[in-house]
Amino acid sequence: MTSANFLDLVRGSPRNYSVVVMFTALQAHRGCAVCNQASDEFSLVASSYRYSQFYSSKLFFAMIDFDDGAEAFQSMNINSAPVFMHFPPKGRLKKVDSMDIQRVGFSGEAIARWIYERTDMNIRLYIDQI
């Protein structure tokens, strides 16, 4: 996702859907040690949602990398990564719309639980068995 997409699809209105966005810095030169791991967990949750009974056009997942969306980071006053935010279809962002990864971590289970608290969509994680 780019800053332009972010402004149009996430911050634009009116919207009849929620968006869960992961702000990240995946490029090696950024030195974000946890971004790859957090990205894998976020992708697991997004993929699991695709196969859940709750899948609909009411919830979307997006990832925005600092190198592609610096303006989006700036508009949200984000100066570190990773950050997970929920953008509800209506109303202003609340403190709970930003996931507190310092307190709960960023495992797939933690992300899914946080999304449930924000949207009432219970996402069961589908982990490939090897």
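Trainee: How many bridges join strand S1 (residues 18-24) to S2?

Mentor: Two strands pair if DSSP finds at least two bridges between them; strands (E, at least two residues) and helices (H or I, at least four) are DSSP runs, numbered from the N terminus. Here seven bridges join S1 to S2, and the two run parallel. Within this pairing, Val20 has Phe61 of S2 as its bridge partner. This is a predicted model, in which local features need pLDDT of at least 70 and side-chain atom pairs count only at pLDDT 80 or more, while totals for chains, interfaces and linings use all residues. Residues are numbered from 1 along each chain as its sequence is written, and side-chain values use heavy atoms, leaving out hydrogens and water.

Trainee: In what order do the strands lie in the sheet?

Mentor: The order is S2-S1-S3, an open sheet of three strands with mixed pairing. Strand S2 (59-65) and strand S3 (83-87) are the edges, each pairing on one side only. S1 and S3 pair in the antiparallel sense over five bridges, with Val21 standing opposite Met85 in S3.

Trainee: Which residues of S3 are buried on each side?

Mentor: In a regular strand the side chains alternate between the two faces of the sheet. Buried means under 20% relative accessible area, exposed over 50%, and partly exposed in between (1.4 Å probe, protein chains only). In S3, Val83, Met85 and Phe87 are buried on one side, and Phe84 and His86 on the other. That makes five of five residues buried in S3.

Trainee: How many aromatic pairs are there?

Mentor: Rings of Phe, Tyr and Trp (its six-membered ring) pair if their centres lie within 6.5 Å; planes under 30 degrees apart are stacked, over 60 edge-to-face, and the rest tilted. The count here is nine aromatic pairs. One of them is Phe23 with Phe73, edge-to-face at 5.3 Å centre to centre and 90° between the planes. This pair connects distant parts of the chain, since Phe23 is in strand S1 and Phe73 in helix H3, 50 residues apart.

Trainee: Why do Phe23 and Phe73 count as buried?

Mentor: Phe23 counts as buried because its relative accessibility is 0%; Phe73 does because its value is 3%. Another pair is Phe42 with Phe61: the centres are 5.7 Å apart and the planes at 65°, so it is edge-to-face. Phe42 belongs to helix H2 (residues 35-50) and Phe61 to strand S2, 19 residues apart. Both Phe42 and Phe61 are buried.

Trainee: Which residues form one aromatic cluster?

Mentor: Phe6, Phe23, Phe66, Phe73 and Phe87 do.
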